[in-house]
Amino acid sequence: VQLQASGGGLVQPGGSLRLSCAAFGSFVAVNTMNWYRQAPGKQRELVASIGFGGHTYYLDSVEGRFTISRDNAKNTVYLQMNSLKFEDTAVYYCNADVYSGSDYSLYNYWGQGTQVTVSS
């Protein structure tokens, strides 16, 4: 199973970006899908999470500015980031719990990071 992320870039404060992450490979289903971020010198933190049924969680500092969504048919999670701030600059990683195998075991996977830079 591979998670392929895209959509990072350079944006001015107040701007928007949309990240995408798709799961590829042989698996039964994708359960919870998450976006983490890690800024230089800081620990990786959970930014947003979405369950298979659509239940969401947001880090307090992004609540109201970021929206996580998913397309279960495409095994893809999105992160719409609006009103971006300097402090949102980080490498963003997608992460997912995936059911695989005949025994429906649950495995956790990470995608490659995508850089988001907010700068004027």
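In this predicted model, Arg37 is counted as buried, with a relative accessibility of 5%. The side chain of Arg37 forms a salt bridge with Glu45, in which the closest N and O atoms are 2.8 Å apart; Glu45, at 31% relative accessibility, counts as partly exposed. Arg37 also meets the side chain of Asp88 in a salt bridge, with an N to O distance of 3.0 Å. This second pair links distant parts of the chain, since Arg37 belongs to strand β4 whereas Asp88 lies in the loop between β8 and β9, 51 residues apart, and here both Arg37 and Asp88 are buried.

Asp88 has a further partner in Arg65, and the two side chains form a salt bridge of 2.7 Å, N to O. Arg65 is located in the loop between β6 (56–58) and β7, and Asp88 in the loop between β8 and β9, so this pair ties together parts of the chain that are 23 residues apart in sequence. Arg65 is buried, as is Asp88. Through shared partners, the salt bridges join Arg37, Glu45, Arg65 and Asp88 into one network, and a search of the whole structure finds 3 salt bridges.

A covalent link is also present, and the count of disulfides comes to 1. The disulfide is formed by Cys21 and Cys94, whose sulfur atoms are 2.0 Å apart. The torsion about the S-S bond of Cys21 and Cys94 is about 50°, and the disulfide is therefore right-handed. Distant parts of the chain are linked by this pair, with Cys21 in strand β3 and Cys94 in strand β9, 73 residues apart. Cys21 is buried, having a relative accessible area of 1%, and Cys94 counts as buried at 0% relative accessibility.

Strand β3, which holds Cys21 and spans residues 17–24, pairs with β8 in the antiparallel sense over 6 bridges. Within this pairing, Ser20 stands opposite Tyr78 in β8. Strand β7 (residues 66–71) likewise pairs with β8 in the antiparallel sense, over 6 bridges, and Thr67 stands opposite Gln80 in β8. The strands β7 and β8 form a hairpin with 4 residues between them, and Asn75 in the turn has a positive phi of about 50°. Of the 6 residues of strand β8 (residues 76–81), 5 are buried, so this strand is largely enclosed by the rest of the structure.

The largest nonpolar core has 31 residues, and those with the most contacts inside this core are Trp35, Phe66, Ile68, Leu79, Met81 and Tyr92. At least two residues of the core are supplied by each of β1 (2–6), β3, β4, β5 (45–50), β7, β8, β9 and β11 (114–118). Strand β9 gives the most to this core, with 5 residues.

Tyr36 lies in strand β4 (residues 29–38) and Trp110 in strand β10 (residues 105–110), so the pair ties together parts that are 74 residues apart in sequence. Trp110 counts as partly exposed, at 40% relative accessibility. The other pair, Tyr93 and Trp110, is edge-to-face, with 6.4 Å from centre to centre and 85° between the planes. This pair, too, links distant parts of the chain, Tyr93 being in strand β9 (residues 90–100) and Trp110 in strand β10, 17 residues apart. Tyr93 counts as buried, at 17% relative accessibility. Together, the ring pairs link Tyr36, Tyr93 and Trp110 into a cluster.

Methods:
Residues are numbered from 1 along each chain as its sequence is written. This is a predicted model: local features need pLDDT of at least 70, side-chain atom pairs count only at pLDDT 80 or more; totals for chains, interfaces and linings use all residues. Side-chain values use heavy atoms; hydrogens and water are left out. Buried means under 20% relative accessible area, exposed over 50%, partly exposed in between (1.4 Å probe, protein chains only). Rings of Phe, Tyr and Trp (its six-membered ring) pair if their centres lie within 6.5 Å; planes under 30 degrees apart count as stacked, over 60 as edge-to-face and the rest as tilted. Two strands pair if DSSP finds at least two bridges between them. A nonpolar core is a set of buried Ala, Val, Leu, Ile, Met, Phe, Trp, Tyr and Cys residues joined through side-chain atoms within 4.5 Å. A disulfide is a pair of cysteine sulfur atoms within 2.5 Å. A salt bridge is a side-chain nitrogen of Lys or Arg within 4 Å of a carboxyl oxygen of Asp or Glu.
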